[in-house]
There are 2 protein chains.
Amino acid sequence: MTEKKEKILIAALELFAQEGFKSTSTSKVAKKAGVSEGLIFRHFENKEGLLEAIIKEGEERAKILFGDIVFEPEPKAVLKKTLELGSKMIENKEDADFWKLQYKMKWELEFYGEHKMEPLELALTNAFTKLGHDRPELEARVLLVNMDGLATRYFLQKDFDLGVMIDYMKTKYGV
Amino acid sequence: MTEKKEKILIAALELFAQEGFKSTSTSKVAKKAGVSEGLIFRHFENKEGLLEAIIKEGEERAKILFGDIVFEPEPKAVLKKTLELGSKMIENKEDADFWKLQYKMKWELEFYGEHKMEPLELALTNAFTKLGHDRPELEARVLLVNMDGLATRYFLQKDFDLGVMIDYMKTKYGV
DNA sequence: TACGATTGTGAGTGATCACTTACTTCTCTG
DNA sequence: CAGAGAAGTAAGTGATCACTCACAATCGTA
């Protein structure tokens, strides 16, 4: 990975997360990265290839984040860690940009990457089962739907206080 | 409102909801509506003016939907009707397109129309107060965040069963 | 029916899009 | 240090973009 290739990836992540994929021109990415436009197409097959490279890099982040939850044996700790995912996703600028891009792409490409969430959903279902819930699979889905709602609000509503909401939900779930 | 102007609005709503605002060209709208591209700019100042006209028309829908909840005196009925909003939003194709467009625009333009939700949030806070909740304003926000999550899933996840989720949440809230 | 206003068309406009090409500069290795 | 391959550039390419303009058809009304 050369220095300029890295600059292209970082500039593209930031711009795609801010303005969307289709609305960001390759010339804009090149300008922001401080390279010639042609270089983008030397390193990536096309504009979509650039997006794929960003997503692929980010999926490593997701594996680390989710892994910590999936292998947690204590059911209450599973709930706690899931709720705290929200804070972890935005701990630094590049992470926040990546997760924002993930949500943005869902709407731009109309594709919900449900398979990515499957292990998390299973871990939550398992946790709710252990905690004696009547409909653990629905309870798990409610929690995940809630997380989607929290992400929507956090990324789009300037004054939304994510911390307060997560704390409140923790007390609701008793964790 | 001439017949062709109406056709432009309907075609644009469908295309904007499907492919997004920026990614839909005016020539595509004209083709779908069966009119010349120039006519779009005779009836609307520019492409954004066309979008504004669609949003404005749709806001009447929102007022009707929300009004029924805001003026409901019985607190449990407020919760019930709020949860049932989800089903009402997608009762017919044009309504579903409009609400999908609303969510899509939030992400495309990065602007959460929080003021639109204010009366609903107040009504919910009031309902949770009457029902004796400790933190009614947070409880109201949790419910609205959940609705955002449900919308995200319904519009983006093909196999998402909205009815089951709404029914389950109704039992959770005891309504 | 005459005529002004509105509605509608189709062929433009320059700007910008993703991407290519011809070329130069750097870097690494035998 | 020669030379090959990788990295990088600048100036293009045709296609498509939002939008305009000159003109024609249609309409409401006096």
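How far is a phosphate oxygen of DNA strand D from an N or O atom in the side chain of Ser25(B)? In this predicted model, that distance is 3.5 Å, which just makes a polar contact (N or O atoms within 3.5 Å; within protein, one must be able to donate a hydrogen and the other to accept it, and residues adjacent in sequence count only if both atoms are side-chain atoms).

Some housekeeping, everyone. Residues are numbered from 1 along each chain as its sequence is written, and chains are lettered from A and ligands numbered from 1 in the order written. Local features need pLDDT of at least 70, side-chain atom pairs need 80 or more, totals for chains, interfaces and linings use all residues, and side-chain values use heavy atoms, without hydrogens or water.

Now the protein interface. Chain B and chain A each put 38 residues into the contact (heavy atoms within 4.5 Å). They bury about 3700 Å², 63% of it on carbon and sulfur atoms; that is accessible area (1.4 Å probe) lost on being put together, summed over both parts. Trp107(B), Arg153(B) and Leu156(B) supply 24% of the area chain B buries here.

And the charges? Eight salt bridges cross this interface (Lys or Arg side-chain nitrogen within 4 Å of an Asp or Glu carboxyl oxygen), including Lys172(B) with Glu139(A) at 2.8 Å.

How values were computed
Buried area is the accessible area (1.4 Å probe) that two parts lose on being put together, summed over both.
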